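Hello,

Here is the structure you were going to look at. My notes follow below it.

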Amino acid sequence: MSCNQALAVADEAPSIASPEFWHQKQEWVKAMRLRFSRRPEFPDTHSIVDDEGMLNQEYFQPPKDALPQTERKWGDEEKRKLLEGIEKYGIGHFREISENLLPDWSGNDLRMKTIRVIGRQNLQLYKDWKGDSDAVQREYERNKDIGLQHGTWKGGALVYDDDGLVLKAIEASNQINPP
């Protein structure tokens, strides 16, 4: 197709602002749904879209016998229990904290919350470390200070740099005042 022919076709195509454009797009979408969503070798896929290519909204609903998920909110009480767990079990023992103190939260959820509470993305140097809420707050402030000094305070947590300056600053700080 020549450039002039392509321009002529483009001139004939409806404008994005026209109802015809959106009608053509909807028809194309329905054709693609029928072509790719309904597979003869997978009978279960026949209920995803109807014969006209419209989505079957009931297909995407949770099963009738599904238990409703309880809404979890992280608040002061959960933070207090996490700090209690850090003091009792230590950092890295998130499964135990989950099982014994915060059963609605997974170990991974608690690891992510601990990153925010202690202010460090990498918790390896804190493995098994136990501290009360005051000690955790001191560590948060220490990590924040190091992060701000090196420009590595991101999203409320100290992150490591490629040059190793953050790790050296952590080690130096730990020699002066161990966690």
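Where does G90 lie? G90 sits in the loop between α3 and α4. Helices (H or I, at least four residues) and strands (E, at least two) are DSSP runs, numbered from the N terminus.

Before the rest, the ground rules. This is a predicted model: local features need pLDDT of at least 70, side-chain atom pairs count only at pLDDT 80 or more, and totals for chains, interfaces and linings use all residues. Residues are numbered from 1 along each chain as its sequence is written, and side-chain values use heavy atoms, with hydrogens and water left out.

Back to G90. G90 is buried, at 0% relative accessibility. Buried means under 20% relative accessible area, exposed over 50%, partly exposed in between (1.4 Å probe, protein chains only). Leaving out residues up to four places away in sequence, G90 touches G85, I97, D128, W129 and K130. Contact here means heavy atoms within 4.5 Å. G90 and K130 are 40 residues apart in sequence, yet their C-alpha atoms are 4.4 Å apart.

Next, helix α5. Residues 107–118 form this helix of 12 residues. From first C-alpha to last, α5 reaches 16 Å, close to the 16 Å expected at 1.5 Å a residue (1.5 Å times one less than the number of residues). Its buried residues are L110, T114, I115, V117 and I118. They lie on the same side of α5, because they cover an arc of only 170 degrees around the axis (taken from the directions from the helix axis to the C-beta atoms). Their cover includes α3 (76–89), α4 (94–100), α6 (133–150) and β2 (157–158). G119 follows α5, with a positive phi near 80 degrees.

Now the charges. The count is 11 salt bridges, each a side-chain nitrogen of Lys or Arg within 4 Å of a carboxyl oxygen of Asp or Glu. One of them pairs E27 with K30 at 3.1 Å, N to O. The two are 3 residues apart in helix α2, so about one helical turn separates them. E27 is partly exposed, at 37%. K30 is buried, at 14%. Beyond its neighbours within four places in sequence, K30 contacts E52, G53 and M54.

In helix α3, R80 and E77 are also 3 residues apart, about one turn. Their side chains meet in a salt bridge at 2.6 Å, N to O. R80 is partly exposed at 41%, and E77 at 39%. Salt bridges with shared partners join E77, R80 and E84 into one network.

Best wishes
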